[in-house]
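Please keep the model in view while going through the numbered points.

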Amino acid sequence: MSTQTVAQNKHLVIRETTKQSKLAKSALRGSVLPVVVLIAWQALGSVGILPAQLFSSPLLIVMTFIDLVQSGEMGMHLQISLTRAFLGFALGGFLGLLFGVIVGMQKKSEEYLNPSIQMLRTVPLLAITPLFIMWFGFGELSKVLLIALGAFFPLYLQTFLGLRNVDKKLYDVALILEFSRREQITKLMIPAALPNILLGIRLALSAAWMCLVVAELLGADRGVGFMIQDARSFMQTDVVFVGIIIFALAGKISDSLVRLLENHLLKWQDSFKA
Amino acid sequence: MVATLEINQVSKTFKNENESVHVLDHLNLTVNNGEFVTIIGPSGCGKSTLLKLIAGLDSDFDGTIMAGNLKVSAPSKDRGFIFQEHRLFPWLNVEKNIAGNLPLKKPDIRKRVDDLISLVKLKGFEKAYPRQLSGGMSQRVAIARALLRNPEVLLLDEPFGALDAFTRTHLQEALLEIWERNKTTMVLVTHDIDESIFLSRKVVVMDAKPGRIKAIVPIDLPYPRTRTSKAFQEFRSVILTQLEHHPAEVEDWSI
Ligand SMILES: Nc1ncnc2c1ncn2[C@@H]1O[C@H](COP(=O)(O)OP(=O)(O)OP(=O)(O)O)[C@@H](O)[C@H]1O
Ligand SMILES: [Mg+2]
């Protein structure tokens, strides 16, 4: 038996190292294109082929970025944007999860709620934005609600889907083992729906960032979106680029965090072994 | 508490929108307390369906099934079930799958789980996830999971089908030991005539379309039984004859 364990461990070690080198290699490959683009951009800008008014050179963008951080301006804008995104995501995500669970668990509530929610889902968010501004003003409330609305649907949809697809055969096992109603939820439904729920969280996050940008571009006096809008009116292309990069980074970092969570929580899944 | 099973005039029809399949037809069967019964019959004759009715997983049928003096209407821990497929929870490792909703932190449960893991020869794989196990290993986990609950009645649906000959013999012997020790009432579905003679006191031979009981062959041999003995061979030919009544159906044996 012990030889078996040793063999198994060895196998795991080998897999671990090959996994790491594979990861490093794929990261290297992935960074080739961006690096080439950046170098070309800088070069074309330096010789004057790209108009400096519209394409600030990468070096200038970096310098502007440093300036904005040092002056504290960046911190201020970022903080307010992050707060909005977080509040909106938390509110919309929570409600999406809640409604997804209710509708996913009860056939009746599906019949009552799902058609309406599905109908609302097809309305483009941008079309609703003017209404939100009329109802809730230009203040924080309309922004947070818009973000919440964006985050709601993906999480609702994926939670509902995940719960609906729980294997009937495993449900029979839960009945045989006499799982209580609570155990059925915590030990069967939730773990089974977890892959979908995590996917829903990732989609909800990216929807939240998008709605944040929309809300801040349309009317705000602070925030990264405002910073971009403000810089545009003064033709400060470098600041616009910095803003865009900040949004891109924020999206990427939050997505990576959820992926990390996924790798940890879903390590039992076949598709996560490599 | 008596665990006698009484199956009385049980009929089962699956109804879909456009067709209905009559699977079980007025079945009668008594399984005495502590008895070991095997059910054998062609694929699709309704063996799995019958076990699910006994387990209480499906209450949409005609007739009655009594367990002890209670009518079966819902599943119960007292009637354990080993499914034809392993049906492990993919997100739980081996030991947590066996424990299920029982707390592994409790020393006595921990100990029994460990004992069962060595019984089914899975030492060293306690922390492995189902995707890392072979079909046979998964099935052994499912067997351990059912045994942990010490049910009064154990319903087994081709539990050893996916195993190699060595492990199969080992687990057949282990099952007999558990049966003798715990006086568990066993109802085991199999497609292996030798297995049915080796294990049970009574072999129920079923017929297909619709599922009926064709014959009940009592095996009055002392345990442990030897497959090579003359009496064993005789029982084999008796059961084979019963099964071969419909030569067309012998070909599609369930695997
Ligand atoms: N949920 C269902 N809906 C409709 N028909 C079903 C359903 N479950 C089983 N059947 C039908 O009932 C019949 C008996 O199925 P069952 O699984 O009980 O057979 P079995 O004797 O266990 O076969 P095997 O030895 O291959 O496992 C089959 O003809 C099958 O098509
Ligand atoms: Mg079957």
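1. A salt bridge is counted here when a side-chain nitrogen of Lys or Arg lies within 4 Å of a carboxyl oxygen of Asp or Glu. Side chains of opposite charge can pair when their charged atoms come close. Arg87(B) and Asp172(A) form such a bridge, with their closest N and O atoms 3.9 Å apart. Arg87(B) lies in the loop between S6 and H2 of chain B, while Asp172(A) lies in helix H7 of chain A, so this pair joins two chains. Helices (H or I, at least four residues) and strands (E, at least two) are DSSP runs, numbered from the N terminus.

2. On the basis of the note: this is a predicted model, in which local features need pLDDT of at least 70 and side-chain atom pairs count only at pLDDT 80 or more, whereas totals for chains, interfaces and linings use all residues. Residues are numbered from 1 along each chain as its sequence is written, chains are lettered from A and ligands numbered from 1 in the order in which they are written, and side-chain values use heavy atoms, with hydrogens and water left out.

3. Are Arg87(B) and Asp172(A) buried or exposed? Both are buried; the term means under 20% relative accessible area, with exposed meaning over 50% and partly exposed in between (1.4 Å probe, protein chains only).

4. A further salt bridge is formed by the side chains of Glu85(B) and Lys169(A), at 3.7 Å from N to O. This pair also crosses between chains, running from the loop between S6 and H2 of chain B to helix H7 (residues 168–176) of chain A. Glu85(B) is partly exposed at 32% relative accessible area, and Lys169(A) is partly exposed at 39%.

5. Within chain A, Asp255(A) forms a salt bridge with Arg259(A), their closest N and O atoms being 3.5 Å apart. Both residues belong to helix H10 (residues 237–265) of chain A and stand four residues apart, about one turn of the helix. Arg259(A) is partly exposed, with a relative accessible area of 42%. Elsewhere, salt bridges that share partners join Lys168(A), Lys169(A), Asp172(A), Glu85(B) and Arg87(B) into one network. Over all chains, the structure holds 22 salt bridges.

6. How many residues does each chain bring to the contact? Chain B gives 25 and chain A gives 24, where contact means heavy atoms within 4.5 Å. About 2400 Å² is buried between the two chains, and carbon and sulfur atoms give 64% of this area. Trp91(B), Asn101(B) and Arg131(B) supply 31% of the area that chain B buries against chain A, more than any other three residues. Buried area is the accessible area (1.4 Å probe) that two parts lose on being put together, summed over both.

7. The interface of chain B and chain A has three salt bridges. On the side of chain B that touches chain A there are twelve nonpolar, five polar and eight charged residues. In this classification, Ala, Val, Leu, Ile, Met, Phe, Trp, Tyr, Cys and Pro count as nonpolar, Asp, Glu, Lys and Arg as charged, and the others, Gly among them, as polar.

8. Gln269(A) lies in the segment after H10 of chain A and is buried, at 17% relative accessibility. Leaving aside neighbours within four places in sequence, Gln269(A) is in contact with Pro195(A) and Arg131(B).

9. Which residues coordinate the magnesium ion (ligand 2)? Ser48(B) through OG and Gln84(B) through OE1 do so, at 1.9 to 2.3 Å. Ser48(B) lies in helix H1 (residues 47–55) of chain B and Gln84(B) in the loop between strand S6 (79–82) and helix H2 (94–99) of chain B, so the pair ties together parts that are 36 residues apart in sequence. Donors are N, O and S atoms within 2.8 Å of the metal (3.2 Å for Na, K and Ca); water is not among the atoms, so sites may look incomplete.

10. Two backbone features deserve a check. A cis peptide bond joins Lys209(B) and Pro210(B), with omega about -10 degrees. His26(B), in strand S2 (residues 20–31) of chain B, has a positive phi near 45 degrees.
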